[in-house]
Structures are given as structure tokens and as C-alpha cells.
Amino acid sequence: MCGISGWVDWSNKNDLLKEVTMIQRMNQSVYHRGPEEGGIWKSSDALFGHRRLCVIDAAGGKQPMIYKKGDKSIVLCFNGELYNFQDLRNELISLGNQFKSHSDTEVILMSYIQWGEQCVKKFNGMFAVAIFDEENQKLFLARDHLGVKPLFYCTRGDSILFGSEMKVLLSNNKLVKPEVDKEGVAQLFYLGAFRTPDIGCVFKDIHEVSAGNSITFNKSLNNDNDNNISFTTTGQKEYWNLKCLPHTDDVHQTSKKLRGLIQGALSRQLVSDVPITFLLSGGLSSSVLVSLASSLSESSLPEPCPINGSSVLKTFSCEFENDDNDYKEEIEGPKKPWVEKVVNNVQSNHISTQCNVDNLLNTISLPMKARDLPSFSKWETPLRLMLNKVKEHGVVLISDEGSDEIFSGYEWFRKQSVLNMDRLPWIGNIYNNINNFLKDQILEQVDFMKYGEQVYQNAIKNMPLLQGEDETQAKQRVASWLFIKYFLVYMLEREDRTSMSQSLEVRVPYCDYNLVEYCWNIPYHMKSIDNIEKGILRRSMYSQLPIDILTHTKDNFPLSVKDKNFFISICSLLEIELNNPSSPILNFIKKESIMEIIKNKYDEKYQTYQNQSVIEHLLQVNTWIIEYNKSTTTTSSSSSTTTKPEIKKQGETKKPIQPL
């Protein structure tokens with residue numbers, strides 16, 4: 001697991017050998033993603049940086065990795081893991097290629113040399129790949145099928161910049177300014193902490209390579225002309241997507257095939273030279289992975305693998321204070337007993353961490369700094385606390401992320417009112433009353449309701465259809481598409497940034513693209529067979545887990561709104577900011593509307609999940625603008641204005657920020 005960074009410029013105007021200090025700065029910004037090793041490759045046209053967390057072949061997998069063809073170099077920086085690298089290595093050897101190491105990094109490099117840009121179609125893994133090809137004068141960027149690993153890029157004049165996180169690009173302050181335009185403002189206040197692919201990254205002119213896509217930049221043939229940009233590109237190209245096919249397997253065949261696909265994905269993802277640990281929440285999906293891992297035969301384990309038949313698995317969970325009270329309102333019992341049942345069943349060495357309101361408040365801005373965007377600290381802080389404990393026992397964690405999306409396990413799939421929505425289901429009504437809080441000047445320039453409709457229409461416009469489905473089936477397929485292709489983006493981003501901020505690698509077997517392809521075409525009535533969510537997954541594991549675990553219904557995540565002290569505390573924090581005339585959030589919101597909630601923070605009627613989300617988001621946005629020194633611009637037919645937060649220096653007073 002790693003962090004990558006790069007800068008390419010083919011023009012005659014800029015000798016990048018003079019910019020080594022800048023690539024070092026960009027590379028250092030993602031030190032947390034790879035604290036064990038760092039490397040730089042440099043030429044007059046390109047700079048590549050790499051930070052490494054060693055998981056496979058520590059000696060042979062050093063990066064940037066270079067292949068020489070005469071006097072030309074082909075240079076690779078790669079973040080992630082290639083799970084089928086052993087099979088590909090054998091195939092490449094049979095084609096006459098020779099290897100110097102046993103790393104998956106060299107397999108990726110040699111795959112590119114053998115198959116060119118089509119190599120990504122051969123990969124099974126989580127990856128963000130950057131290749132600078134001196135021979136063919138091009139930069140090739142590619143991202144894994146589901147978007148487990150991030151890859152951002154931007155162009156500025158003749159320069160192309162890329163990196164594992166947006167902070168890599170922002171670190172190059174010579175070229176990249178932290179600007180937000182009307183599109184970014186709309187994302188901030190309509191989507192909240194959720195981000196969707198294809199519509200940008202909030203920051204102006206910063207882009208993300210989409211899941212299952214690649215992009216190539218070629219040196220321009222007219223490079224000597226001062227009026228021409230030094231590169232050309234045809235934009236992103238899709239190498240993988242979901243396809244609609246009739247599901248012809250019956251329930252028994254589906255259950256059997258699912259078990260094989262899950263077991264195969266898990267087995268592949270156990271390849272490692274370092275210890276592997278497991279998330280165990282007590283829910284069905286994580287219990288399945290832990291139980292399967294404990295029963296895999298020696299012959300089905302990959303090489304190298306730190307787990308064998310006599311291994312005691314290490315499992316981890318996180319609980320909120322007062323979990324027992326929170327859960328009793330929703331299900332028959334708290335989650336903790338279900339964790340204990342699985343632990344007893346597989347005899348794992350289990351460690352549980354606990355999160356309380358003080359933890360949430362003391363680290364409320366850390367998730368934002370990890371994502372470079374406002375975040376849901378109440379969701380990400382518990383995960384951070386648990387991963388911090390995991391790091392003491394291993395470098396790799398197996399997670400069940402993605403299971404609810406591919407098996408349509410959320411309650412939303414069972415509600416007709418949600419299926420009838422013409423907006424993203426998870427946004428719901430959280431931000432739909434945004435008009436009550438935003439200033440008229442903002443609402444005049446950004447139509448949030450229209451924006452929400454556009455986001456939804458853009459999300460479904462390229463969705464494949466299956467002929468013959470009735471109206472309800474078609475709507476369930478739309479929901480499945482939205483959750484796999486859009487909601488999962490936030491969940492994977494959350495897990496990547498939170499884990500990598502702790503220098504920990506998280507693997508997600510349920511995001512294996514073969515498994516996702518199969519689940520996509522299972523009709524919802526079969527996914528929810530036996531009138532229970534993820535019923536088909538339960539059927540496939542009848543011989544694997546005790547019956548009471550298999551029939552235990554899905555728990556709701558214990559959102560911290562159930563602890564009124566968190567809500568009261570964030571209201572108090574936001575009140576301080578609203579009473580400070582220099583607070584940037586005052587440029588966007590009607591203070592009196594928010595103050596009504598704050599003044600009634602002790603009233604249970606106001607202690608709602610929706611109010612908590614709005615209060616926390618505004619607090620996060622305010623901190624984000626200050627921390628990142630945003631420049632916010634909007635342009636109308638009559639005017640263009642720019643607002644820059646003035647960061648307070650010692651001995652100075654902040655200047656008030658002017659409205660947009």
C-alpha cells in the first residue's frame with residue numbers, strides 16, 4: 001500500500017529537473033500512506049514520487065520501478081495490491097518475460113510492456129497506476145474496477161499533475177490554488193460529505209480517474225509552437241463496467257456460486273508477507289469472512305500468506321458507549337453478543353475498542369484533513385479509533401465494505417417511496433431543506449433542487465438496462481446501480497483515507513469485480529429470499545455459520561445522534577463560530593435559521609439526525625475553508641467575484657470575508 005505523486009511537462013518552457021524540491025513536497029504530503037520507504041524518479045519531462053507501506057516483497061518491490069528500453073525508461077508508480085499477480089507472472093514468463101523480483105509491482109510493469117494499456121483488463125486487485133513511457137512519450141493513469149484506490153489529477157497549462165490524494169496536487173502551490181466555483185458550492189451544500197463520481201472533486205478543475213477507467217496523455221507533435229499545449233488527451237476511457245444479463249441460475253445454483261466467488265475473492269486477498277487482521281462487527285457480512293478465513297484449507301491459501309491451518313485469527317470491532325441502550329430500541333439485543341458468538345465459533349483473538357463523545361469532539365476535524373473535504377466525523381472517528389488499535393497487531397485488515405451495496409442490504413431497497421425518488425436515496429431529506437439555511441445571494445446563483453435532479457439524471461443516464469423487467473424490478477436495478485457506482489464511492493473513500501491516515505491497508509473481498517458482476521444481475525427478490533435482507537448470502541452460508549447468526553437481522557449503525565451530548569456539544573461549537581464575525585460560514589448561511597436549532601439544543605424535538613447532520617456539516621465546512629484557505633468563486637452573466645479567507649497570523653485580526 002502506497003502513496004503516489006507526479007508531475008509531467010513536455011514543453012520547452014519548464015525543466016522539471018529544477019522542480020525536484022516540489023515533487024519531494026508533493027510526495028511528503030502522503031507520507032502517512034507509506035512511512036516505511038520513499039523514492040523519487042526525475043527527468044527533464046517528468047517527476048515521479050512514491051511512499052511505500054511494505055506488504056509484499058519488501059526488497060523487490062521498491063518504487064518508482066524502472067524498465068530500460070535502450071536509453072529510454074518506462075517508469076511505474078503504483079498504489080494498491082494486485083491479487084492475481086502470481087498467475088499473471090507465470091503467464092508473462094511463458095511469453096518470454098524475465099523477472100528480477102517476486103513483487104506485484106514488477107508484474108504490473110511487465111504487463112504494461114507486454115500488453116500496453118490493455119493490461120488493466122488482466123488485473124484483479126485494488127490499484128491506482130501511473131506509468132511514464134519515455135519511448136512512446138505518454139503518461140498512462142488507471143484505476144481499479146470499483147475505485148477502491150484513489151487517483152486524482154489536474155492539468156495546468158503544459159503541466160499534468162497526479163496523486164493519491166487531493167493534498168498531493170494542492171501541495172504544488174505554484175500551479176494549484178484551492179479554488180471552489182459554483183459547482184463546488186453546490187456539491188458542498190447539496191451532497192454534504194458525500195461525493196459522487198463524474199461531477200468533480202469540489203475543488204475547481206481537480207479531477208478523479210473514475211473507477212474502471214484509464215486516461216492517457218500524449219506528448220503533442222506541435223510542442224515547439226509556443227501557442228500549443230505540450231500534450232493531448234482523448235479523456236478517460238472505460239475498460240470495465242457492469243453489464244445486464246438475465247440471471248438464469250436457480251436459488252441453489254446461485255447460493256453455491258456465491259459461496260465460491262466469495263471464498264475465491266477472500267483467498268486471493270490473503271496474500272501478504274505481513275500479518276493480516278479482520279474486522280468483525282457482529283453483522284452477517286463480516287462474520288462470513290471471518291468464518292471462511294478460519295476454515296480455508298492449506299491448498300486454497302495463496303503464497304505468501306501469514307495464515308495457515310493452525311493460525312488464530314485476530315479480529316477487531318468498535319462500539320459506542322451505551323451501545324446496549326442504543327440498540328434495544330431497534331432490535332432484540334445489542335450487537336456485542338453477536339460478536340462474541342462469532343468469536344466463540346471461530347476461536348479468534350478478539351479486541352474491541354470503544355468510542356465516546358469526547359473521542360468524537362477531540363478529533364472532529366481529523367477526518368476532514370484525511371479526506372481534504374468536510375466529512376462525517378461521527379462515522380469516521382470510530383473507525384479511526386479501531387484502526388489505530390489494529391495497527392498495533394498488523395498491517396493489513398480484511399473488511400466487509402461493499403456487501404450492503406452488492407447484496408442490496410440497505411433498508412432503502414425495501415421502501416417504495418425511496419424507489420420512486422428522483423434523487424440519490426442516501427441524500428434523502430438531510431439537505432433538502434437547505435433553502436432554510438442558505439443566504440438568498442447563494443440561492444440566486446445555485447439552484448440546489450435543480451442541481452440535485454441533474455446529479456441524479458447524470459448518475460443514471462449511462463446505466464445499462466435489462467429488457468423484460470417490470471417497473472418495480474427496473475427501479476430496484478436503478479437503486480442497485482446507484483449504490484454500487486455512487487454510494488460505494490463515499491464508503492470506499494472513507495475507508496481508504498481513514499485507514500491510510502493510520503498507515504494501514506484495508507482489503508475488501510466483497511468488492512472483487514467478479515463477485516460484483518454476478519450479484520448485479522441477481523434479482524432483488526432472490527437477494528432478499530426468506531423475506532430477510534441479504535437472504536441469498538445467508539443461504540450460501542448455511543453450513544458455515546450457526547443458525548442464530550444467519551437469521552439475525554441487520555443492525556442499524558449506532559449513529560451518535562442517540563447521545564444527546566454530542567449534538568449539544570457541536571451546537572455549542574458552531575455557536576462560537578457564528579458569533580465570530582470573521583467565520584467564513586457566515587458568507588453562506590442565514591445565521592438566525594441555524595441559531596433557532598442551537599438555542600433549542602436541549603429540546604429533544606430538535607435533537608434529530610437531520611439537525612445533527614446539518615450542524616456538524618456547517619461546522620466542518622467552516623473549519624475546512626479556514627484550514628485550506630479556500631478561494632470561492634461564482635460567476636453570473638453580470639459579475640464575477642472571488643472570496644478568499646484571510647487566515648489569521650499571530651498578532652493580527654482576521655478580516656471579514658465578503659459574501660459571494
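Is Lys167 buried or exposed? Lys167 is buried, with a relative accessible area of 15%; buried here means under 20% relative accessible area, exposed means over 50%, and partly exposed is in between (1.4 Å probe, protein chains only). A quick note before the views: this is a predicted model, where local features need pLDDT of at least 70 and side-chain atom pairs count only at pLDDT 80 or more, while totals for chains, interfaces and linings use all residues. Residues are numbered from 1 along each chain as its sequence is written, and side-chain values use heavy atoms, with hydrogens and water left out.

**View 1. Lys167 joins Asp372 in a salt bridge.** A salt bridge is a side-chain nitrogen of Lys or Arg within 4 Å of a carboxyl oxygen of Asp or Glu, and this one is 3.2 Å from N to O. The pair links distant parts of the chain, 205 residues apart: Lys167 sits in helix α4 (residues 166–171), and Asp372 in the loop between α11 (366–371) and α12 (377–390). Helices (H or I, at least four residues) and strands (E, at least two) are DSSP runs, numbered from the N terminus. Asp372 is buried too, at 0% relative accessibility.

**View 2. Asp404 and Lys534 make another salt bridge.** Their closest N and O atoms are 3.0 Å apart. Asp404 lies in helix α13 (residues 403–406) and Lys534 in the loop between α19 (524–527) and α20 (535–540), so the pair ties together parts 130 residues apart in sequence. Both Asp404 and Lys534 are buried.

**View 3. Glu411 meets Lys415 through their side chains.** This salt bridge spans 3.7 Å, N to O. Glu411 is partly exposed, with a relative accessible area of 43%, and Lys415 is partly exposed as well, at 36%. Zooming out, salt bridges that share partners join a set of residues into one network, among them Arg33, Arg143, Glu165, Lys167, Asp372 and Arg497. The count of salt bridges comes to 32.

**View 4. An open sheet runs in the order β2-β3-β1-β9-β8-β11.** Its 6 strands have antiparallel pairing; two strands count as paired if DSSP finds at least two bridges between them. At the edges stand β2 (37–42) and β11 (207–208), each with a single partner strand, so one side of each has no neighbour in the sheet. Look at β2 and strand β3 (residues 46–52): they pair in the antiparallel sense over 6 bridges. Glu37 has Arg52 in β3 as its bridge partner.

**View 5. Another open sheet has the order β4-β5-β6-β7-β12-β13.** This sheet has 6 strands, again with antiparallel pairing. The edge strands are β4 (65–69) and β13 (231–238), each with a single partner, so one side of each is left without a neighbour in the sheet. On average, neighbouring strands here are turned by 15° against each other, direction ignored. Strand β7 (residues 138–143) and strand β12 (residues 213–219) run antiparallel and are joined by 5 bridges, and Leu139 has Phe217 in β12 as its bridge partner. Phe78, in strand β5 (residues 72–82), is buried at 2% relative accessibility. Its C-alpha atom is 7.9 Å from that of Gly3, although Phe78 and Gly3 are 75 residues apart along the chain.

**View 6. Helix α12 crosses helix α17 (residues 471–500).** The two axes come within 9 Å and cross at roughly 40°. Axes are lines fitted to C-alpha atoms, for helices over the stretch in contact, and angles run from 0 to 180 degrees between N-to-C directions. Under 35 degrees counts as roughly parallel, over 145 as roughly antiparallel, 65 to 115 as roughly perpendicular and the rest as oblique, and α12 and α17 are therefore oblique to each other.

**View 7. Two cysteines, Cys119 and Cys244, are buried.** Cys119 has a relative accessible area of 1%, and Cys244 comes in at 14%. A search of the whole structure finds 0 disulfides, a disulfide being a pair of cysteine sulfur atoms within 2.5 Å.

**View 8. Ile585 sits in the loop between α22 (564–578) and α23 (591–599).** Ile585 is buried, at 0% relative accessibility. Ile585 and Ile626 are 41 residues apart in sequence, and 9.7 Å apart in space from C-alpha to C-alpha.
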